[in-house]
Amino acid sequence: MPYGPHDLIESGQFPALAGRTVLQIIPDLEAGGAERTTIDIATALTEAGARALVASQGGRLVSELQARGGVWLPFPAKTKNPLSMMVNIRRLAALIARERIDIVHARSRAPAWVALGATRAMRVPFVTTYHGAYSGTSSIKIRYNSVMARADYVIANSEFTKRRILDQHPFADGHITVIHRGTDFRAFTPAAVDPARVRRLRQQWGVEPDERIILLAARLTGWKGQTVLVDAAALMRRQGLNGVKFVLAGDPQGRSSFVKDLESRIATAGLGDLVKLVGHCDDMPAAFLAASAVAVPSTEPEAFGRSAVEAQAMGAPVIVTELGAVPETVLGPPEAPAAARTGWRIPPGDPQALANALSEALAMGAVERDALALRARQHVERHFSLDHMCKQTLALYEGIIRGF
């Protein structure tokens with residue numbers, strides 16, 4: 001039988017990549033899922049003996065990229081100005097020739113248009129990754145989004161994303177590979193978190209030692225479901241809930257009007273002592289370990305469910321909405337029996353369903369909770385590990401170079 005990508009993934013060996021050069025292009029290297037994945041893949045490429053180049057405007061992750069053996073190439077990849085993008089096509093084509101680049105991998109739309117033009121001119125294989133569920137219904141916006149499906153090889157970060165691509169850009173059929181976002185389970189494991197980190201977070205959040213935490217960790221924006229959780233908290237208080245704090249951990253990112261509306265909703269419901277807006281959290285392993293339950297009540301589809309995966313890795317019961325890609329990360333009815341669940345899946349925008357699921361999670365005894373945590377950890381390790389994501393991506397690169 002011929003040796004193919006599956007065998008490469010199983011073996012973890014990528015001999016054809018040794019000495020090759022792969023360029024990833026992304027607007028910048030600030031914090032974010034696409035940026036984090038760029039660093040992870042650059043690290044894996046370096047470990048495989050390849051040259052890992054990243055073209056971007058820079059950012060806080062440049063130093064980490066360089067520390068891991070990657071090479072940062074300053075490039076105005078963030079621009080959306082059509083004239084500047086035309087100039088960037090020539091600039092990138094020259095870069096491809098000078099650095100003898102074997103594969104170009106774009107992770108965002110504006111630089112993908114630049115990469116499309118440059119790779120076609122230079123006859124170099126072109127890869128894209130769909131990191132988000134790009135919105136837009138106008139013909140102009142759909143065409144702008146379509147560049148992510150125009151590559152020779154398209155990576156979708158979930159089955160939901162793949163279906164969305166095929167629905168909007170059916171010409172991509174046959175060119176799509178699903179590679180789920182990977183989580184570093186060396187960091188997201190209870191054994192790696194010093195109890196002092198959890199105590200420090202609880203103190204920062206103003207949570208008493210004998211109080212339990214229900215956590216929603218997401219930027220403060222309407223579709224992440226903070227208002228649904230606030231309404232669920234009001235229902236649970238009326239049902240006699242006590243000894244629990246609802247923590248909304250996330251950066252508003254300039255959305256001051258939404259924050260004001262959220263604060264008003266909390267005050268009107270009389271939940272000022274129950275719901276806490278604590279801002280950005282930079283220690284998510286400790287945050288999930290501190291939580292008695294984690295809510296991911298998004299009201300619009302997400303392209304992947306990072307928080308749900310990380311929460312399960314830390315053994316926290318998780319409740320997600322049956323929407324987008326997040327349900328792919330959590331086992332539960334109707335796809336799996338209740339006895340095999342790793343979390344709860346509920347309808348979007350339903351505070352009562354969220355309240356009911358949270359109440360079930362909080363009512364679990366120690367034995368039941370430990371069994372859930374073990375199932376959840378095994379589930380996410382099997383399907384959503386950083387190692388597996390890197391091996392799948394490198395197997396794709398290797399297959400491109402080998403021609404299969």
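I began at Arg-123, which I found in the loop between helix 5 and strand 5 (126–130), where helices (H or I, at least four residues) and strands (E, at least two) are DSSP runs numbered from the N terminus. The model is predicted, so local features need pLDDT of at least 70 and side-chain atom pairs count only at pLDDT 80 or more, while totals for chains, interfaces and linings use all residues. Residues are numbered from 1 along each chain as its sequence is written, and side-chain values use heavy atoms, with hydrogens and water left out.

**Backbone entries**

I looked up phi for Arg-123 and noted a positive value near 55° in a residue other than glycine. Arg-123 counts as exposed at 79% relative accessibility; buried means under 20% relative accessible area, exposed over 50%, and partly exposed in between, with a 1.4 Å probe and protein chains only. I then turned to Arg-100, in the loop between helix 4 and strand 4 (103–106), and noted a positive phi of about 50° although Arg-100 is not a glycine. Arg-100 is exposed, with a relative accessible area of 70%. For reference, I wrote down that most residues other than glycine have a negative phi, and most peptide bonds are trans. I also recorded a cis peptide bond joining Pro-333 and Pro-334, with omega about 10°; Pro-334 sits in the loop between strand 12 (318–321) and strand 13 (344–346).

**Helix pairs**

For helix 4 (residues 82–99) and helix 5 (residues 109–122), I read axes that come within 8 Å and cross at roughly 50°; axes are lines fitted to C-alpha atoms, for helices over the stretch in contact, and angles run from 0 to 180 degrees between N-to-C directions. Helix 4 is therefore oblique to helix 5, since angles under 35 degrees count as roughly parallel, over 145 as roughly antiparallel, 65 to 115 as roughly perpendicular and the rest as oblique. On the helix 4 side, the residues that meet helix 5 include Met-85, Leu-92 and Ile-96, and on the helix 5 side they include Trp-113, Val-114 and Met-122, with contact meaning heavy atoms within 4.5 Å.

For helix 12 (residues 306–313) and helix 14 (residues 366–383), I noted packing at an angle of about 125°, with the axes 7 Å apart. That angle makes helix 12 oblique to helix 14. Here Val-309, Gln-312 and Ala-313 of helix 12 meet Ala-373, Ala-376, Arg-377, His-379 and Val-380 of helix 14.

I next checked helix 2 (residues 33–47), whose 15 residues reach 21 Å from first C-alpha to last, close to the 21 Å expected at 1.5 Å a residue, the expected span being 1.5 Å times one less than the number of residues. Eleven of the 15 residues are buried, so helix 2 is largely enclosed by the rest of the structure. Those buried residues, among them Glu-35, Asp-40 and Leu-45, pack against strand 1 (21–25), strand 2 (51–56), helix 3 (62–67) and helix 15 (386–402). Gly-49, with a positive phi near 90°, follows helix 2.

My last entry is Arg-181, in the loop between strand 7 (176–178) and helix 8 (195–205). Arg-181 is buried, with a relative accessible area of 14%. Leaving aside neighbours within four places in sequence, I listed its contacts as Gly-33, Arg-36, Thr-37, Asn-157, Phe-304, Arg-306, Phe-384 and Met-389. The C-alpha atoms of Arg-181 and Leu-201, 20 residues apart along the chain, are separated by 27 Å.
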